[in-house]
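User: Please take a close look at a single part of this structure and describe where it sits. One connected answer will do.

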Amino acid sequence: MISISGITKVYYGSSKEEPIVALDNVSFEIKKNEFVSIVGRSGAGKTTLLKLIIAEEEPTKGTIFLDKCDIFKLSRKNLPLLRRRFGVIFQDYKLFSSKTAYENVAYVMEVMGATDAQIARDVPQVLELVGLLDRADNFPHELSGGEKQRLAIARALIHRPDIILADEPTGNLDPYNTFEIIRLLKKLHELGNTVILSTHDKEVINRLGERVITLENGRVIRDEKRGKFIL
Amino acid sequence: MLTSLKRIIKNGCKDFSRNLSLSLATIFIMVIVISFPTALFILNPASKILISNIEKKVDISVYFNEDAKKEDILSAKEAIAKLPEVKEVVYLSKEETMEKFVERHKNDPVLMESLAELGENPFLASVNIKAKDLSQYEQITKFLENAPFAKIIKKVDYYERKPIIERIFSVISKINKIGIILAVTAGIIAFLVAFSTIKTSIYSARKEIEIMRLVGASNWFIRGPFFVQGVIVGVISALITFSLTFAFCFFLNSKIQSLFFGVDIFRIFLENMGVLFLTQLGVGIGLGVISSMIAIRKYLKV
């Protein structure tokens with residue numbers, strides 16, 4: 001489904017600084033309905049990799065294919081169509097600060113062209129799923145860290161995307177909420193979604209018992225079918 | 001398509017009301033910007049009226065010799081009236097001039113006594129000439145000096161009036177030039193201020209714009225609400241400026257009329273109301289929308 005080959009990403013700072021190699025010749029494939037965890041220390045290149053998968057950034061070298069489509073050759077006009085296939089839970093949530101919790105979720109459905117009736121039916125459902133129905137009219141700044149995270153998850157799920165991309169989705173949660181979220185991701189996986197999870201939470205990885213790709217200094221150092229968190 | 005349009009409009013209105021303080025600040029700046037073309041719109045016809053009112057007050061007089069015959073003077077008047085530059089020629093006989101003088105100075109005993117002491121009519125018959133344009137008096141004077149009836153002319157007072165006429169001429173053209181330069185400069189400054197105000201408001205929304213791109217919104221779905229906000233700001237600013245212009249012209253009309261030789265700005269306003277409002281609307285919406293679209297461009301690159 002997703003084919004990553006020879007991806008290198010170098011950040012060039014000012015001419016005096018050494019360029020930073022965030023990803024170095026990374027290649028692997030993700031099959032449909034796979035649950036893949038990408039682990040590594042902070043700065044190993046996890047977030048950069050996820051950014052490249054949704055074409056938020058362009059690689060210095062290499063290609064990423066989604067099915068048969070080279071995502072970096074997509075025109076600006078067609079890029080939104082690619083992104084609508086993903087449900088992304090961003091590390092920094094990326095919530096709309098001027099929209100309420102309800103509107104944050106509904107916006108994605110509006111973008112997809114859903115009818116008003118569909119929006120009125122689905123948004124409360126997904127807010128209930130993440131336990132935020134009673135916070136529907138609150139703005140993000142009125143929510144706690146955990147609530148923001150759950151709202152970000154609700155927004156990523158609302159349009160039933162093929163692929164869920166979760167960048168440290170449990171980073172700000174207590175152990176109880178962490179496993180609630182992981183349970184939810186597993187459930188989505190069972191329902192047929194492809195899930196890509198980036199994390200540095202050892203506990204989470206060891207419990208999942210799914211494929212684990214380990215990144216270190218921008219390189220893939222391990223790719224195991226039923227991996228453990230080893231660094 | 002229709003649903004998208006409806007949502008774009010709804011989101012635009014919502015964003016406008018949620019960022020009310022920023023929206024109001026933008027409207028305030030826009031009112032100032034729209035006021036410049038409005039001022040030009042009112043002042044341009046007003047200055048033309050003012051110029052023609054002043055020009056109406058300028059004339060030259062041709063004085064004829066004491067012994068000139070009335071028929072000769074009248075035929076000279078006919079010849080002058082035939083000149084294409086001449087707008088109006090009025091003949092004043094010795095007697096009429098005297099009557100006018102007495103009428104004007106009847107309350108001045110010194111003048112009246114001196115006149116009585118003279119015992120006769122000291123005034124000369126004259127022809128009063130008004131040209132179509134200030135610049136034509138020189139030509140008319142040249143014609144008078146070389147005309148066949150030049151021998152019966154005693155004096156043309158053009159040379160006495162020349163400095164005043166030239167002064168008026170240069171003041172008017174200076175006022176016009178300075179006015180245009182001022183209006184254009186101030187207009188450009190106001191435009192830049194409005195543009196950067198709008199740019200600031202979009203800068204504050206840049207993160208949201210990036211998120212919109214990342215969740216798969218098309219560029220038009222993102223631009224749309226900003227476009228709608230630009231239109232709302234433009235329309236409200238135009239309405240406010242229009243009302244202010246109305247109030248200004250209505251309440252200050254009598255003062256301006258007495259100060260500036262009867263220039264009726266309220267009439268100018270009423271006569272040009274439609275075009276004026278469309279211009280204000282055009283400037284307001286155009287500036288609001290174009291600035292937003294330019295400012296938003298760089299955030300859509302994600």
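**Pro148(B) and its chain**

Pro148(B) counts as exposed because it has 9 C-beta neighbours inside 10 Å (buried means 20 or more other C-beta atoms within 10 Å of the residue's own, exposed 12 or fewer, partly exposed in between, with C-beta atoms placed from the backbone). This is a predicted model, in which local features need pLDDT of at least 70 and side-chain atom pairs count only at pLDDT 80 or more, while totals for chains, interfaces and linings use all residues. Residues are numbered from 1 along each chain as its sequence is written, and chains are lettered from A and ligands numbered from 1 in the order in which they are written.

Pro148(B) lies in the loop that joins helix H6 (137-146) to strand E4 (153-156) of chain B; helices (H or I, at least four residues) and strands (E, at least two) are DSSP runs numbered from the N terminus. Its C-alpha atom is separated by 79 Å from that of Leu20(B), 128 residues away along the chain.

By an automatic or database domain assignment, chain B has domain 1 (2-54 + 171-301) and domain 2 (58-167). The C-alpha centres of these two domains of chain B are 53 Å apart.

Chain B has an average pLDDT of 86, and 100% of its residues score at least 70, pLDDT being the predictor's confidence in each residue, from 0 to 100. For the model, ipTM is 0.89 and pTM 0.75.
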